[in-house]
Structures are given as structure tokens and as C-alpha cells.
Amino acid sequence: MTKIPAPTREDWEHLATNLTFTNQAFINGEYVDALSGATFACESPIDGRILTQVASCDAADADLAVKAARNAFESGIWRDLPPAKRKQILLKFADLIAKNRDELALLETLDMGKPIRFSSSVDIGGTARAISWTAEAIDKVYGEIAPTPTNQMGLITREAVGVVAAIVPWNFPLLMASWKFAPALAMGNSVILKPSEKSPLTALRVAGLAKEAGIPDGVFNVLPGFGTTVGKALALHMDVDTLAFTGSTAVAKQLMIYAGESNMKRVWLEAGGKSPNIVFADAPNLEKAAEATAQGIAFNMGQVCTAGTRLLVEASIKDKFVTLVKAALVKWQPNHPLDPNTLNGAIVDKQQLSKVLGYIEKGQQEGASLLAGGEQAFQESGGYYVQPTVFTDAKNTMQIASEEIFGPVLSVLTFDSMEDAIKQANDTIYGLAAAVWTADLNKAHKTAKALRAGSVWINNYDGGDMTAPFGGFKQSGKGRDKSLHAFDKYTEIKATWLSFE
Ligand code: NAD
């Protein structure tokens, strides 16, 4: 059998010149302009080129979408389908996404600047996997029967909540969206997806694939919009039952206020992070730990909620270990995102680049030592690139080590004992993830247990798949994506009590 060669940069560039952009909202099974006719420019961070003008929805469009979603829900056209039928349709949806992987990966890369190899594997491959994994679970989730006397029966069942608004960020645009819409649709809800204004293109494109797969009109809607207008309208809407959010902690808090000011809709939040990566001197393989540390801060240009932004390294191995990390970061220097060998691409936009550069400047003013990087790259491209950057001599009291930068900026702190490591690791408002590197099983478990974080990785960074729940402690959020636990967000639990004569 002849092997088809992998696409080259030239192949991707050729595909990009022939690419068309879906730029309208998707409401009640149709692509439509915003009622106001407003649009916003969608820019590629690769070179600053305007890709297309996208419909800019507002409260009037939100009303239309909520009505369509509510009508579809009340009609029972989706929620009352046999679970196996919903499963079949969602599996087809996943399949269509996989079949259109190249186009979707290209859209993600052009829109957001990430390397094509990761758009294809992590983002689009991961999205298809998230939908198919969730679909497979639909007809395997059972209710419960309460322990009762023989003349009574207590049924504990799950029901769809109704209309779910999913508001998502730009760092893994379609993947983060799928972690919401897959379980929400699986449980029979209607969904209104609000992508980030910085990366709306894949969400808009897959709306058509959802229809092609057989998801009924009104059940899956996509509302792009500039700024906070349409997201706020959904969050304040009296007929949205659940808000599922991934984004910053500041906006997450605001959404809780909107829910309180409106209909007390359920609010589930996946928010920011400042994750500690703890390396003990007895780590089983320091080279491997250094490679993972480099990847943990540089992957997706550091625009990852779980990025290992704080390296806590045992003082006795600090010099040796940071030298290894610096060497491991060489291959994470930014390059053209359409080159299949590129590991690190562009920062999402000019605003985010300025934020990252601002923190790099701040780190120097705060007295941390710049060990690597610190500079903008490829300015001549018109795009937004920055070198992976390492600060040593950092402390949790510094802004670079306490605030979420959302860029490839690593703060290195040191510790002298397990207790000291745990104390410094937990000294943050966030609690999304943490890693521990040690060959000592006792130390590994003791530390993992003491860490206040939703995910803890032992001798790896960023491990896990669809089988493991994902979410945060403290101000990193509330509720879990992925795994069967995700269904909790999109179902109400009903107790039905029967008495027999
Ligand atoms: P953001 O909070 O600025 O925006 C997220 C979404 O909310 C966007 O769609 C945005 O348009 C919308 N939005 C903004 N203001 C709003 C308002 N007032 N009302 C309603 N909607 C509003 O976040 P971002 O910059 O897009 O993404 C980066 C953040 O996302 C980081 O903090 C990162 O840690 C977080 N994140 C968390 C996870 C997780 O699972 N915990 C995963 C990925 C990203």
C-alpha cells in the first residue's frame, strides 16, 4: 500500500488560498446575518491579514436564538429521541468533523495562530473524540432506585435542563466548545454556542455539519459577536436555563452576578489558572521533567489554562534543572504556523501580545532574573510572536508569579522541603492543575493529596483524556468538563416517589 505523504507548508498554503469562510450566525438551522447587519473583522495573528467579516450579534439575535432553542426543546424533537438515536446522530457529527479535519484545522490555525500540527491533532482530532466519546455514553447512563419499603418506590432520574448557553474562549476554540456542547446535546438540551470574537470561524463552520448530521433545527445555534454584548445578553436572558463558561476568572465572576440579576440560571465555570509544577531533587528522570516543563509553558504559546507557569524546583537542583529547561525550550521557538514541523506559532492578537510583553517588562522591574527569551519575534511578518521566556529568582509575591499571563512566560521559584513546596504551590487564588515529579511514592501521594487543584499529574505534565474530569478548585471554577461528571452540568435530578395500595 502506498502511503499518502503528509501535507507540506506549501500544501497548507495552497489550501488556505482556496478556503472559504463561514461568517454568518447559525440560528434555527439557518445561516443568517445579525439582525442589525453589523459585522466585525476577523484577523489572522499569523500576519495581521483580515480573513473575513463576521456577523456581530446582539441582544435581538440572542432573543431569536433563545426562542428557537426553547421551541426545539419544548417540542421534544431532540430530547425525546431514544438515547440510541441521539447517540447515532452525534456519532455522525463527530465523523463529519473528522472527515473535514484539514479544513477545520486550517481555519483554527489561520484564526488563532496555533501550529497546524496541533490544530489537526489536538483541536480537531480532540473535538471529534470528545463528541464521539460522549455520544457513546448516552445509552449507558442509568438512573437510580432509592431503597424503600415494598409499598413504595423512589425513582431518581436525570432530565435535560433545557436551553444551555455555552460561552467559550479563544485558546482551543472548537475543543473547549465541544467539551460543553457534546454533553449538553447528549443529554437532550438545546444549545446556543457563543464563540470568542477572537476565533469564531470553526464554531460557525461546524454548525452546518451539525445540521448535516441530523441535529434538528433550533437544537444547535451559534452566535458570534464582538465584545461583551451578545454574551451578556445570553447571561442575563430570562429563558436560558444553564450557562456553561470557559474563560477568565474576572468574566466568570461577572456571569455569576448576571445569573443572580436574572433567573438564577445554573452557572458552570472553567476559569483561569497559575499552575505549579513541582520538581523534587529525586525526580526519576530530570531530562524528561525538563522537556515536560518546557512543553508545559510553551505549548499553544503558553495560552493554556493549565500551563505550568510556576516551576517550583528543589533548591539543590535548581541550576542544573533550569539549564535543562532552557535547552528544552530551543525547539519551542516560534515559527510559521503552517509549517508542519512548527511547535510554536503566533499569540492570538495584538492585545494579548502587548499583555505578555507587559508582564515580561514587569518581571524585570520586579527583580526577577531573565534567563531566556523576553523578545518579540518575526515583527516583519505583521503577526504577533514572542519567544518563550524564563524568569528565575521569582516569588509568589511578584505579579509575574501570581497573575495569569496567558503567554509563554515561566517563573522559577525554589523550595527546601515537601512542606515548603506544598505551601508555595497552594499560595494562589487559583486551583486548576499541578504537577509533581518524584520517585518517592510516599512523597508523590502526600503532595498530590495536599495540592488544592482539580487535576494533579505525577511524573507527567498535562496527562488525561476524555475519561478524566477536568475543572478547578478555588477561583479556577466550578463543575467539571469531560468524563461522565460533565453530565451533571446539563441535567436536573428528579426524585419521583410512588406509593402502592
Ligand atoms: P474571557 O473571559 O475574556 O472570554 C471568554 C468568553 O467570554 C469569550 O467568548 C468572551 O467574548 C466572553 N465574554 C467576555 N466578557 C463577557 C461578559 N461580560 N459577558 C458575557 N460573556 C463575556 O477569556 P478569554 O480571554 O477568551 O480566554 C482566556 C481565559 O480562559 C484564561 O483565563 C484561561 O485560563 C481561561 N481558560 C480556562 C479553561 C479551563 O478549562 N479552566 C480552559 C481554557 C481557557
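Which side chains meet in a salt bridge at 3.1 Å, N to O? They are those of D349 and K198; a salt bridge here is a side-chain nitrogen of Lys or Arg within 4 Å of a carboxyl oxygen of Asp or Glu. Welcome to this predicted model, in which local features need pLDDT of at least 70, side-chain atom pairs count only at pLDDT 80 or more, and totals for chains, interfaces and linings use all residues. Residues are numbered from 1 along each chain as its sequence is written, and side-chain values use heavy atoms, with hydrogens and water left out.

**Two domains**

- The domain assignment gives domain 1 (9-271 + 477-495) and domain 2 (276-466); such bounds come from an automatic or database assignment.
- Taken over C-alpha atoms, the centres of domain 1 and domain 2 are 30 Å apart.
- In contact (heavy atoms within 4.5 Å) are 33 residues of domain 1 and 34 residues of domain 2.
- About 2800 Å² is buried between domain 1 and domain 2, with carbon and sulfur atoms giving 63% of that area; buried area is the accessible area (1.4 Å probe) that two parts lose on being put together, summed over both.
- On the domain 1 side, R9, I46 and W170 lose the most area to domain 2, together 20% of what that side buries.

**Nonpolar cores**

- The largest nonpolar core has 62 residues, and L90, F93, I215 and F220 have the most contacts inside it.
- Such a core is a set of buried Ala, Val, Leu, Ile, Met, Phe, Trp, Tyr and Cys residues joined through side-chain atoms within 4.5 Å.
- Both domain 1 and domain 2 give residues to this core, so it lies between them.
- Apart from it lies another core, of 42 residues, including A292, V313, F321 and L329.

**Salt bridges**

- The structure holds 27 salt bridges, and the count between domain 1 and domain 2 is 1.
- E103 and R205 meet through their side chains in a salt bridge (2.8 Å, N to O).
- Because E103 lies in helix α4 and R205 in helix α7, the pair ties together parts that are 102 residues apart in sequence; helices (H or I, at least four residues) are DSSP runs, numbered from the N terminus.
- R205 is buried, at 19% relative accessible area, where buried means under 20%, exposed over 50% and partly exposed in between (1.4 Å probe, protein chains only).
- D47 forms a salt bridge with R49, their closest N and O atoms being 3.7 Å apart; D47 is partly exposed at 33% relative accessibility, and R49 is partly exposed at 41%.

Key. Helices (H or I, at least four residues) and strands (E, at least two) are DSSP runs, numbered from the N terminus.
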